[in-house]
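Visitor: Please put the complex on screen. I have a few questions about it.

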Amino acid sequence: MATDEQLMLEFQRGLREAFTELFQRYREPIYGFFRRRLDDAARAEELAQETFLAVLRGIVRYEPRAPFRTYLYGIAFKVLAAEWRKRSRQEVPLEAAGDPGDASDPDTALWVQHAVGRLEAEAREVLLLREYEQLSYAEIGELLCIPVNTVRSRLFRARMALKDLLAPQQGAL
Amino acid sequence: MKSSPHPIEQEELMAYFDGQLPRDRATVVAAHLEQCEDCRAATADFHAVSKKLAKWQVEPAPARLAERVNTLLDKAASEAKKGVLGTLTPPRPLVPRWVWGLAGAVVVFLFIAAISIPNLLRSRISSERAVVSPYLLESAGAGASSQIRDQDVKSVMVPPTGPMIIRTASLTLVAKDFDQARTAIETIVLRHQGHCAQLTVRGRADTGRTLTATFRVPAEQLDPVLAELRTVGPVEEESQGGEEVTQQYVDLRARLSNARNTEQRLIEILRQRTGKVPDILAVEQEIARVREGIERMDAQLKNLENQVRLASLQVRLREEYKLPLALAQTSTVTRLRNAVVEGYHSLVESVVGLVEFLLSYGPVLLFWGLILYFPVRFAWRRLRAPRTGS
């Protein structure tokens, strides 16, 4: 199976199917990336589309000097930052994605979402990239422009906090 | 996740759980986990948290997303065919990289050329002079001036009678009695068969005056003149120089001699008149050209001889002026007014200075700014690019 980078180079040479394959690989992860960070499903879909459009437009300048995954999430981050600027928000609006009062069952997605939303922003971003986007520590560091040790400490902090937040007695508060 | 001391840090344990440890370290942690119940419990906690987080799954991406992206892809492909968008065509930046490279090479070449060409020309001229410089007889024999280098040098060489040196000197004197000193200077110069080429006196009689004059004195008289001038008043500054022009002079005489010979031969040809009219006209034109060259070289030769025969002496005479004691005190109002005027002048001077600086260096800074802006911006972007891979 061709790697992501090989597919990008093939697409650069004009092979349309290469991009289709890449899209199939990353459609769900990129949509999930925006969906977990925005409360608006339609907007998440639009931003995912913008991300793939940016890949299309940037193909002429693409050079496989970094993993494609890092490249793609880098674009997604820029698109997301633009969206936040547009909304004049500094924080990820995870709290608005659901009503915490309904999240009384620690086994529901809403409970988890609420707990993640209570994390400090820096630790939360590292946690999301690790748990849901499955990026390595090095990739996260490159994406957020922080050292790998910082990634590790933030992730540890987030997991420590979540251990308490996801406990039934904490969620019931 | 207990915080009791362990050989393995909890963060490291977490990295092991995430598969982010180097192999050798992961082996150590795995061995430790087999023995340590606490660490196994901590790992289980990490696992539990991840398991709970996995419950937060979002809905699948809408099918519309695939349709939209396919539409974008179709559009990009069609634009690429039309050449509107270079998405699916080989990269074609606005300014190709080789253009930047070429521009940089040209700039470097011009810079090096600007430095080296003048030096090269200077060394070449001096080497040519070294070849042509042998001392030549006036009657250099047959051959045009351009053939001098090919002639038998020995047959035209003659030892120089002595070095030809253009001498220059400058002297700055201070005198208490300006008029008396001036008269003394002029008398000394005239006594040694010199003459005044230029003279300027600045300042009023009631202030410190200065005299600047250039005298031409016979070269052999320069030293006696200087010796006498030093007695006029204290010497504030003195300098002497000499430029040897022997080679230049001999070379010029040789070329002049050859040109005269050429002229004579052309005149002989003209006298015989064996050729056709166009040939005769051509000979006459050649004679006129050679004659012009002879006159020019003759003038240069005379000028050179004149400069060697007469040394140039620059004299500067400064009157020792003592400011009279001012008994009347300046009033406060006048002093303040003067301060205001001086402030105004300083302001004007600073503005004019700034404008002068901008006019002097502005175009150069703008020129280099325009040349270097895009390469620097390009390099800056390239340096920042690895984060996103493009």
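**Chain B and its partner**

Visitor: How many residues of chain B are in contact with chain A?
Guide: Contact means that C-beta atoms, placed from the backbone, lie within 7 Å. On the chain A side, 50 residues take part; on the chain B side, the number is 38.

Guide: This is a predicted model: local features need pLDDT of at least 70, side-chain atom pairs need 80 or more, and totals for chains, interfaces and linings use all residues. Residues are numbered from 1 along each chain as its sequence is written, with chains lettered from A and ligands numbered from 1 in written order.

Visitor: Which helix of chain B gives the largest share of the side that touches chain A?
Guide: Helices are DSSP runs of H or I, at least four residues, and strands are E runs of at least two, numbered from the N terminus. α1 (10–17), α3 (37–53) and α4 (63–82) of chain B each supply at least two residues. The largest share, nine residues, comes from α4(B).

Visitor: Where in chain B is confidence lowest?
Guide: pLDDT is the predictor's confidence per residue, from 0 to 100. The chain B mean is 79. Residues 127–159 of chain B stay under 50. The lowest mean, 38, belongs to helix α6 (residues 153–156) of chain B.

Visitor: How many bridges join β1 of chain B to β4(B)?
Guide: Strands pair if DSSP finds at least two bridges between them. β1 (residues 165–175) and β4(B) run antiparallel, with B:I166 opposite B:E243. The bridges number nine.

How values were computed:
Contact = placed C-beta atoms within 7 Å.
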